[in-house]
Amino acid sequence: MTRISVSQPRSFLAAYALLPFLLVSLVEAFPLAHMQALQIVLPGVLGGALILAIWVELVRGKGLVTIDTNSGLVEVHGVSVFFVPKKRTLPLARFASVVSYLVPNQSFGKNVLELVTVEGGQALRLASFPPGPGTMRSWVFPSPGESSEARQFRHLIASECGIRDGGFLGVRLVGAQI
C-alpha cells in the first residue's frame with residue numbers, strides 16, 4: 001500500500017519579527033505614571049498582531065494531503081479557524097499532472113506544489129515551501145529556484161501515482177483552486 005503524505009511546513013518568522021517591537025513598546029510604556037495614549041495602544045496592537053500571526057501558522061500547519069494509490073483517493077485534511085477538523089476526499093483519477101512553480105511575494109516568494117486536474121483549469125495545492133537556490137541573475141544575487149523538497153515530492157508523486165510530472169514552471173501566479 002503506497003500512501004504519500006504532504007504537509008505544509010510552518011514558519012513563525014512573522015511572530016519572531018513582531019516580538020522585538022512588542023518588547024520595546026512594553027519597555028517604553030513604563031513607568032506607568034507618565035504613559036501617553038500611544039504607549040497604551042501600541043503594545044495592544046502589536047500583541048494582537050503577534051497572536052494573529054501565531055494563530056494563522058498553527059491553522060496552516062494542521063493541513064495535510066494524503067494520496068493513497070491503492071484506493072485511488074486524495075484526502076485533504078485541515079482545520080477551520082477554530083480548529084474544527086475538516087476532511088475532503090477526491091478521486092486520484094481527477095488529476096493529470098503534478099507541477100511546481102514560484103509565486104512572487106514581497107521579498108522571498110513561495111515554491112508551490114500542486115496537482116493539476118485533467119481539464120487543466122484547476123489545481124489542488126499540496127504545500128508551499130521556501131524557494132531554493134536558482135541561477136545567478138547577477139554576479140551577487142542568485143534568482144530563486146525550485147526547492148529540493150518540492151522537487152522530491154513532485155518526482156515521488158509522479159512516479160508512485162502514475163501521473164505526468166509537469167515539471168518546474170518558473171514564476172507564475174496562483175490559478176483556480178479546488
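Helix H2 covers residues 37-61 in this predicted model. At 1.5 Å a residue, its 25 residues should span 36 Å, and the end C-alpha atoms lie 37 Å apart, so the two values agree. Several residues of H2 are buried: Pro43, Leu46, Gly47, Leu50, Ala53, Glu57, Val59 and Gly61. Helix H1 (13-28) and strand S3 (73-79) are among the elements that cover them.

H2 and S3 also take part in the lining of the second largest pocket, where each supplies at least two residues. S7 gives the largest share of the lining, five residues. The lining divides by residue class as follows.

| Class of lining residue | Number of residues |
|---|---|
| Nonpolar | 10 residues |
| Polar | six residues |

S7 belongs to an open sheet of five strands, in the order S10-S5-S6-S7-S11, with mixed pairing. Strand S10 (164-171) and strand S11 (176-177) are at the edges; each has a single partner strand, so one side of each has no neighbour in the sheet. In general, the strands of a sheet pair through backbone hydrogen bonds, either parallel or antiparallel. Strand S5 (residues 95-103) and strand S6 (residues 110-117) run antiparallel and are joined by eight bridges. Leu102 has Asn111 in S6 as its bridge partner.

Conventions: Residues numbered from 1 in each chain as written. Predicted model: local features only at pLDDT ≥ 70, side-chain atom pairs only at ≥ 80, totals over all residues. Heavy atoms only, no water. Pairing = 2+ DSSP bridges. Helix = DSSP H or I, 4+ residues; strand = E, 2+ residues; numbered from the N terminus. Expected span 1.5 Å × (residues − 1). Buried < 20%, exposed > 50% of the residue type's maximum accessible area, 1.4 Å probe, protein only. Contact = heavy atoms within 4.5 Å. Nonpolar A, V, L, I, M, F, W, Y, C, P; charged D, E, K, R; others polar.
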